[in-house]
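Please look over the sequence and the structure before reading on.

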Amino acid sequence: MKDDPRIRGAAHDSLAHDSAIKHVTGRAEYTDDLTEPVDCLHAYIGGAGIAHGRITELDLSAVRAAPGVVAVLGADDIPGRNDISPTGRMDEPIFTSDLVEFHGQPVFAVIATSRDLARRACGLAKLSYSSMPHATDVDSAEAGGYPDVTPPLTLQRGDDIAQVLDGAPNRIKGRLRVGGQDHMYLEGQIAMAIPGEDDEVTLFASTQHPSEAQHMVAHALSVPANAVVVNVRRMGGGFGGKETQMNLFCVIAALAAKKLGRAVKLRPDRDQDMEITGKRHDFRIDYDLGFDDTGQILAVDGLFVARCGWSSDLSGPVTDRALFHADNAYFYPAARLRSRPIKTNTVSNTAFRGFGGPQGVIAAERMIEEIAYALGRDPLEIRKANFYREGHDITPYHQRVEDNILLRLINELEVSSEYQARRKQVLAFNAQGGVIRKGIALTPVKFGISFTATWYNQAGALVHIYNDGSIHLNHGGTEMGQGLYTKVAQVVADAFQVDVDRIKITKTTTEKVPNTSATAASSGSDLNGMAALDACNQIKARLTEFAARQWQTAPDTIRFLPGHVAIGQKILPFEDFIHAAYMARVQLSAAGFYKTPEIHWDRAAGKGQPFYYFAYGAAVSEVSIDTLSGETRVDRADVLHDVGRSLNPALDLGQVEGAFVQGMGWLTSEELVWDDQGRLRTHAPSTYKIPLASDCPRIFNVRLADWSENVKPTIKRSKAVGEPPFMLPISVLEAISMAVASVADYRICPRLDAPATPERVLMAVERLRGAE
């Protein structure tokens, strides 16, 4: 045996991302880097020039005559179903030929010998319209009588809400507007389709949901799903923006490829990508809050109205999850939470990291803030007074909170961050007056883990051991930079007690693992890790049976050791043992499967257990604001986050840090603006401000709660990490709010809307000064 008793890359090790070196050296291959087949064509989408109306004339003769143009596709060129709605509501046509419902809606696609020629040809189209009134926000949509894109949800528990609110010693009504967010992935949307023989087509795409892209292409081509193969090795970011939005690009590329018998690549430029793909849902939240003189919440009545865009997409489950998280970490004795997913003449909003959860959490924190300012108390005191605890542990959707570690987490962070001492320093600083004001806040996160669409909580994996001892791993999860491939490889390495270098991680493809769920809902490691472990255990069981028979020993004497297998007193190198098993005709391949247990959800009743467990976290943020310009700066952030027993602490720390900064962008700088013609004006990095390295907290302390271990039997007792930390920077917004409140001696809740841009901060400062 080797001297080192440990394998390299076991579960719980801080192993580098499998593609880290390739990422930083430019050797990682994305879809656009793949070698194009001979005579590959390029597509570009031609969109409508109005926000709402009907097409009265469509003249594409100049487009067809343009240099390099090979074909022009429209609705009449689709042999199958002209729809890509992920929920099957048939409300999202690939191309429209009549009704236009948002500016830029796809009308046709040009296929040419180069992307530039296809793009230029699109500009030659002549379209005439009969315009109709349009609505680009929830207020104008309500005024115009617009419908909901999907049935709303109501969660209710406790006593009669109106009666409790009427009898509450204190009552506050308020409104909070929460902005949307563009995904701004580094790699834009892209798909390349290669026609095969008969009805077959193969796609290479940047998608989080290969199986859904497969099904959409099959429906559009009117072929069975087994004729379509979708491959994805890696994405340059996704964040939910490639869960359903990629369907359009895959379908158009496949339609063109099959029609012309040549490979077709479709890659929109950044402007078009942002103009025609969905964003995070922005919300208007109205709350009616009753509480007693100690700050204890008695009742909450909330209405969550979301700008959903022109079609349903995933707006139903997104708005549902917003309600699921409208309690965040707090017990509401009586609650009524309602959603309104309203239609607008904008892009169809979609999944984004947190999937509606952040919009619910921010509402809960606003209500805590309201109570604190009304009673003249530290918001942290109000938070602690309302935490879920024994006897007060039933959510508005009637699930019991069984694994609550939040108080320990908060108390630990409160001490390690020196919150109390620093808050006194902030108060003393602000008491001196001056242009610069400071704020500090500590906010918690409780985030439910599982797809709320129960059937998505399943995964498959395929593990092969070749007769030289090398291992091939494939599963249904996709890699978008988060390190899923690395984590699942560590699970396999740990199972067989081999170095992770022995494992070949292969691209996600629908021809190996079928019927996969999207890599979303923070479930990638939970689902695919367990499926891979199941495959490993099947193979290990066969190997154990073989060894016991071959060497005439009891099965319990057979152990997998680092790089070796012990059979009683006999120890063989792993590769020798595997070769022996192969010679004995032992099956060295297995398909693993996993489905999340215990979860169930009755949407009509608003009751169930939609989440397998909860992940927790907390952050303390300290900020400075300039009261003359409204500019803000995050001076320090301290984070303590719960990932259970981490599969890979290095990757998980990176996820927490990245989520925090991305969440800061959502809450402070990233603003989506549509003009009065319904055109998105923030459609490029020049007009849409994502956080830069210089926007990171000046002091950034991030720790994992290394004492935590999932009480549920998840993969190696770990917890999900993708989405929960995104809500940690709500502490930044709360700290900005405190700094603004200082100009009126903390007597008035500033009621900052998000994002808290310099303009909004400045207006809030002036409003509070005027109220003194």
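The model is predicted. It holds 52 salt bridges.

**Glu 142 and Arg 284**
- A salt bridge joins the side chains of Glu 142 and Arg 284, at 2.9 Å from N to O.
- Glu 142 belongs to helix 4 (residues 138-143) and Arg 284 to strand 13 (residues 283-291), so the contact ties together parts that are 142 residues apart in sequence.
- Arg 284 is buried, at 4% relative accessibility, whereas Glu 142 is partly exposed, at 32%.

**Asp 301 and Arg 336**
- The side chains of Asp 301 and Arg 336 form a salt bridge of 2.7 Å, N to O.
- This pair links distant parts of the chain, with Asp 301 in strand 14 (residues 297-309) and Arg 336 in strand 15 (residues 334-343), 35 residues apart.
- Asp 301 has a relative accessible area of 11% and counts as buried, while Arg 336, at 25%, is partly exposed.

**Arg 377 and Glu 381**
- Arg 377 makes a salt bridge with Glu 381, and their closest N and O atoms lie 2.7 Å apart.
- Arg 377 is partly exposed, with 29% relative accessible area.
- Glu 381 is also partly exposed, with a relative accessible area of 40%.

**Shared partners**

How values were computed. Residues are numbered from 1 along each chain as its sequence is written. This is a predicted model: local features need pLDDT of at least 70, side-chain atom pairs count only at pLDDT 80 or more; totals for chains, interfaces and linings use all residues. Side-chain values use heavy atoms; hydrogens and water are left out. A salt bridge is a side-chain nitrogen of Lys or Arg within 4 Å of a carboxyl oxygen of Asp or Glu. Helices (H or I, at least four residues) and strands (E, at least two) are DSSP runs, numbered from the N terminus. Buried means under 20% relative accessible area, exposed over 50%, partly exposed in between (1.4 Å probe, protein chains only).
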